[in-house]
There are 2 protein chains.
Amino acid sequence: MPTDKHTSKKSYAGSKVLQIDGDSLQQGVSVDCVIFGFHDGNMKVLLNKFSYYTQWMLPGGFVGKEESIDTAADRVLKNRTGLENVYLKQFHTFGDWKRTKLPENEEMLILRGFENPKDREKHWLMQRFVSIGYYALVEYSKVKIETNEDEEIAWFDLKDIPELYSDHNEILEKALYTLRIRLSISPIGYELLPEKFTMTEMRIIFETILQKKLDRRNFQRKMLAAGLVYKLDEVSKKFGVKDSALFSFDKEKYEKALTDGFLILE
Amino acid sequence: MPTDKHTSKKSYAGSKVLQIDGDSLQQGVSVDCVIFGFHDGNMKVLLNKFSYYTQWMLPGGFVGKEESIDTAADRVLKNRTGLENVYLKQFHTFGDWKRTKLPENEEMLILRGFENPKDREKHWLMQRFVSIGYYALVEYSKVKIETNEDEEIAWFDLKDIPELYSDHNEILEKALYTLRIRLSISPIGYELLPEKFTMTEMRIIFETILQKKLDRRNFQRKMLAAGLVYKLDEVSKKFGVKDSALFSFDKEKYEKALTDGFLILE
C-alpha cells in the first residue's frame with residue numbers, strides 16, 4: 001500500500017509510455033528504473049500502476065531507435081519525477097526468456113490495443129523484452145511526481161513492497177544487492193539526504209542497504225573519523241522529544257572517498 | 001598481433017553466428033564475451049576475426065527469441081572455447097545509439113548477404129544493437145579453440161590489443177574496470193590459474209587488473225596471511241634459473257573470501 005500519493009491531472013509520462021509507435025522504437029528492449037528516496041526515517045521506492053491494471057511496477061519505458069539506452073533511462077526518470085542530472089546508474093540487464101510470458105502480460109496487451117488474439121501472435125510486444133535496469137538515488141523532497149489519469153505513481157516503503165508486475169521484485173532485489181556491494185567500497189547518502197540531516201537518518205540508510213543493525217555510537221564515531229560528515233551548530237526536534245544534532249556532508253571528502261574507496265568495517 | 005593461433009577446420013561457431021535466421025532471433029539484441037586467460041606470465045583476451053573482414057572483435061552472438069541472455073552467453077563461450085560451467089558474469093550493457101552505425105558495419109552486412117542497399121534500409125541488422133557484455137575467467141590450458149574457415153580465433157596479450165570492431169575496445173575496458181572493482185572486495189585468481197602456480201603468476205594477475213606494480217614480498221606475505229593460498233613442497237623451474245616455490249589455493253578459504261569480502265590493502 002502506498003505510503004503517500006500524489007495525483008495530478010497533468011498528462012505526462014503515463015499515456016506516452018502506453019502509446020506504441022513501433023516504427024520509432026527499438027523492438028524487444030526496455031529500461032526499468034528503481035528510484036530510491038529517503039523520507040520520515042524510511043527508504044522508499046517509486047512505483048507506478050496503470051489504470052485497470054492490477055499490479056504495481058517499476059517505472060519503465062521503451063527505447064527509441066535513435067536513442068541511447070542511458071538517455072531513455074534519463075527520460076523515464078525525468079517524466080516521473082521531474083528530476084534531471086541525478087545519480088542514475090545502469091546495474092543489470094534482465095533477459096530470462098520467460099520474463100514477459102507471465103499471465104499478467106495479456107491484460108497489459110489489451111490495454112495497448114491488442115484485443116484480437118490474431119493481431120498479437122507475431123508482434124514484438126508479445127515477445128520477450130530484454131530490460132536494462134537502472135537505479136537512481138534521489139532527494140525525496142525535490143521529487144515532483146508527474147502523473148495522469150492513466151497512471152498512478154506513489155512512493156512505497158522498502159519494507160512494504162507488494163508483488164510487482166513480471167520480474168520487477170527481482171529487479172528491485174538486484175538493485176539493493178548492487179547498493180550493498182557499492183556501500184562496501186564507497187559511501188552512499190549524499191544523493192539521498194537533505195543538506196542537513198541527523199546521524200540517525202544516515203545510519204538508517206546504511207542499515208537498510210546492509211540489512212543489519214549497526215551500533216549507533218560506533219557508526220557516528222566512524223563517520224566523523226572518516227571526515228565524511230561534520231557536525232553543525234544546529235539541532236533538530238524532528239525525532240522525539242530530545243534535540244538531535246544536525247550534520248552535513250563534507251562534499252570534497254565525500255567525492256574523494258567515492259574515488260579512493262571507503263571501507264565499512266564492522 | 002595474436003600471440004598464438006589455433007586453426008582447426010571443424011565447422012562450429014563462426015558460420016553459425018553469421019547465418020541470420022531472423023525468425024528465431026531476438027532482434028536488436030546481442031551478447032559479447034570478454035574471455036580472460038593467463039599464460040606465460042601474461043593476461044590474455046580471446047578475439048575472433050571473420051574472413052575478409054578487417055578488424056578483430058570480441059566473440060559474440062545473437063540471442064534466440066526463446067533463449068535467456070545468460071544461456072546465449074554460455075553458448076558463445078562454449079562454441080569458441082569448448083568450455084562449460086566456467087565463471088561467466090554479465091557486467092554491463094552497451095546501447096549507445098551510434099554504436100553500430102560505424103563505417104565498418106557496411107562490410108559486415110555484405111558478408112551477411114545484404115549486397116543490395118535497398119534490402120537493408122529497414123532491416124533490423126542495419127539498426128542499433130543493444131549488446132549485453134559478459135566476462136569470463138578461464139584456465140588457459142583447458143581452452144580448446146574451435147574455429148572454421150570463416151573465422152579466425154586467437155589469444156591476444158592484454159597489453160597488445162589492436163583497434164577492435166565497433167565499440168569493442170570500450171567493452172573490454174569496462175570489463176577490466178569491473179574486475180578492478182571486484183578485486184577490491186573479493187579475490188581473483190582461482191579461475192585463471194592452474195592447480196599449482198608461483199606467487200609471481202598470481203601477483204601479475206593482480207598487477208594487471210589493478211594496473212599498478214605491487215611489492216613482491218608484501219604481496220606474498222598478505223596472501224599467506226589471508227590464508228587464501230598455501231605453499232606446496234614442490235618447486236617450479238619455469239621462471240629463470242632459480243627454483244620458484246609453488247602454491248595452491250585453499251578452496252574453502254577462497255570461497256569464504258568471495259562471500260565475506262577481502263580487502264587489498266596497499
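In this predicted model, Glu207(B) touches Lys212(B), Lys213(B) and Leu214(B), residues up to four places away in sequence being left aside; contact here means heavy atoms within 4.5 Å. Glu207(B) belongs to helix H6 of chain B, residues 199-210; helices (H or I, at least four residues) and strands (E, at least two) are DSSP runs numbered from the N terminus. With a relative accessible area of 10%, Glu207(B) is buried, where buried means under 20% relative accessible area, exposed over 50%, and partly exposed in between (1.4 Å probe, protein chains only). The side chain of Glu207(B) forms a salt bridge with that of Lys213(B) at 3.8 Å, N to O; the term denotes a side-chain nitrogen of Lys or Arg within 4 Å of a carboxyl oxygen of Asp or Glu. Lys213(B), by contrast, is exposed, its relative accessible area being 73%. In chain A, Arg203(A), Glu207(A) and Lys213(A) are joined into one network by salt bridges that share partners.

Over all chains, the structure holds 20 salt bridges. Side chains of opposite charge can pair when their charged atoms come close. One such pair is Arg99(B) and Asp167(B), with an N to O distance of 2.7 Å. This pair links distant parts of the chain, 68 residues apart: Arg99(B) is in the loop between S5 and helix H3 (104-111) of chain B, and Asp167(B) is in the loop between strand S7 (151-157) and helix H5 (168-183) of chain B. Arg99(B) is buried at 5% relative accessibility, and Asp167(B) is buried at 11%. In chain A, Glu191(A) and Arg182(A) form a salt bridge whose closest N and O atoms are 3.8 Å apart, and both residues are buried.

Chain A comprises eight helices and ten strands. Of its 266 residues, 53% count as buried. Among the contacts in chain A with a separation of 6 or more, 76% are between residues 24 or more positions apart. His168(A), in helix H5 (residues 168-183) of chain A, is buried at 3% relative accessibility. Beyond residues up to four places away in sequence, His168(A) touches Asp32(A), Met57(A), Leu58(A) and Arg99(A).

The contact between the chains takes 28 residues from chain B and 28 residues from chain A. About 2,200 Å² is buried between them, 50% of it on carbon and sulfur atoms; buried area is the accessible area (1.4 Å probe) that two parts lose on being put together, summed over both. Strands S2 (25-39), S4 (60-64), S5 (87-94) and S6 (130-137) of chain B each supply at least two residues of the side of chain B that touches chain A. No salt bridges are counted between chain B and chain A.

Chain B is superposed on chain A by a rotation of 180° with 0.0 Å of shift along its axis (RMSD 0.0 Å). The two copies are thus related as by a two-fold rotation axis. Superposition is by least squares on the C-alpha atoms of residues with pLDDT of at least 70 in both copies.

Residues are numbered from 1 along each chain as its sequence is written, chains are lettered from A and ligands numbered from 1 in the order in which they are written. Local features need pLDDT of at least 70 and side-chain atom pairs count only at pLDDT 80 or more, whereas totals for chains, interfaces and linings use all residues, and side-chain values use heavy atoms, with hydrogens and water left out.
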